[in-house]
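Subject: Structure for you to look at

Hi,

Here is the structure I promised. Please open it alongside this note, and read on for what turned up.

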Amino acid sequence: MAKKAKRFNVLSPDGFAIEFDKDYGSTQEAETAFAIWKKRYEKQGYYSSNRGRISLDVLADYCELVEV
């Protein structure tokens, strides 16, 4: 049986996938997607979470890279 390739996703601070209909074939792809997702919040300057406002400088610390 062929070994299934690893797939990854990034979970937001609230535990949701940053893109609901997509996962990534490498950690590099996931990191690139995270950077693009994070840009959505640059105008307001923070990510609004159930935990409160999270500075974009530390947003990655509140997200999680997971294997799916």
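Start at Cys63. Beyond its neighbours within four places in sequence, Cys63 contacts Val10, Leu11, Ser12, Pro13, Phe34 and Trp37. Keep in mind throughout that this is a predicted model.

**The core**

Cys63 also belongs to the largest nonpolar core, which has 14 residues. Cys63 is among the members that touch the most others, along with Val10, Ile18, Phe34, Trp37, Tyr47, Leu59. Both β1 and α1 supply at least two residues of this core. The largest share comes from α1, with 4 residues. As a general point, nonpolar side chains in soluble globular proteins tend to be buried together.

**The overall chain**

The protein chain has 2 helices and 4 strands. Read from the N terminus, the order is β-α-β-β-α-β. Its C-alpha trace spans about 50 × 20 × 20 Å along the principal axes. Of the 68 residues, 29% are buried. Now take the contacts in the chain with a separation of 6 or more: 47% of them join residues 24 or more positions apart.

**Helix α1**

Helix α1 covers residues 27–39. Its 13 residues should span 18 Å at 1.5 Å a residue, and the end C-alpha atoms lie 19 Å apart, which agrees.

Which residues of α1 are buried? They are Ala30, Ala33, Phe34 and Trp37. Viewed down the axis of α1, these buried residues fall within an arc of 105°, so they line one face of the helix.

What does the buried side of α1 pack against? Its buried residues meet β1 (8–11), β2 (46–49), α2 (59–62) and β4 (64–67). On the other side of the helix, Gln28, Ile36 and Lys39 are exposed.

**Salt bridges**

The count is 2 salt bridges.

- Asp23 pairs with Arg7, with the closest N and O atoms 2.9 Å apart. This pair links distant parts of the chain, 16 residues apart: Asp23 sits in the loop between β1 and α1, and Arg7 in the segment before β1. Asp23 is partly exposed, because its relative accessibility is 27%. Arg7 is partly exposed too, at 30%.
- Lys39 pairs with Glu42, with the closest N and O atoms 4.0 Å apart. Lys39 has a relative accessible area of 53%, so it counts as exposed. Glu42, at 49%, counts as partly exposed. The cut-off for exposed is over 50%.

**Asn9**

Asn9 lies in strand β1. Is Asn9 buried or exposed? Its relative accessibility is 7%, so Asn9 counts as buried. A polar atom of the Asn9 side chain lies 3.2 Å from the backbone oxygen of Lys22.

Asn9 has other contacts as well, leaving out residues up to four places away in sequence. From Ala17 to Tyr24, the residues touched include Ala17, Ile18, Glu19, Lys22, Asp23 and Tyr24. Further along the chain, Asn9 touches Glu64, Leu65, Val66 and Val68. Asp23, one of these contacts, is also the salt-bridge partner of Arg7.

Best wishes

How values were computed: Residues numbered from 1 in each chain as written. Predicted model: local features only at pLDDT ≥ 70, side-chain atom pairs only at ≥ 80, totals over all residues. Heavy atoms only, no water. Expected span 1.5 Å × (residues − 1). Buried < 20%, exposed > 50% of the residue type's maximum accessible area, 1.4 Å probe, protein only. Arc of directions from axis to C-beta. Contact = heavy atoms within 4.5 Å. Salt bridge = Lys/Arg side-chain N within 4 Å of Asp/Glu carboxyl O. Core = buried A, V, L, I, M, F, W, Y, C linked by side-chain atoms within 4.5 Å. Polar contact = N/O pair within 3.5 Å; in protein donor to acceptor, adjacent residues only side chain to side chain.
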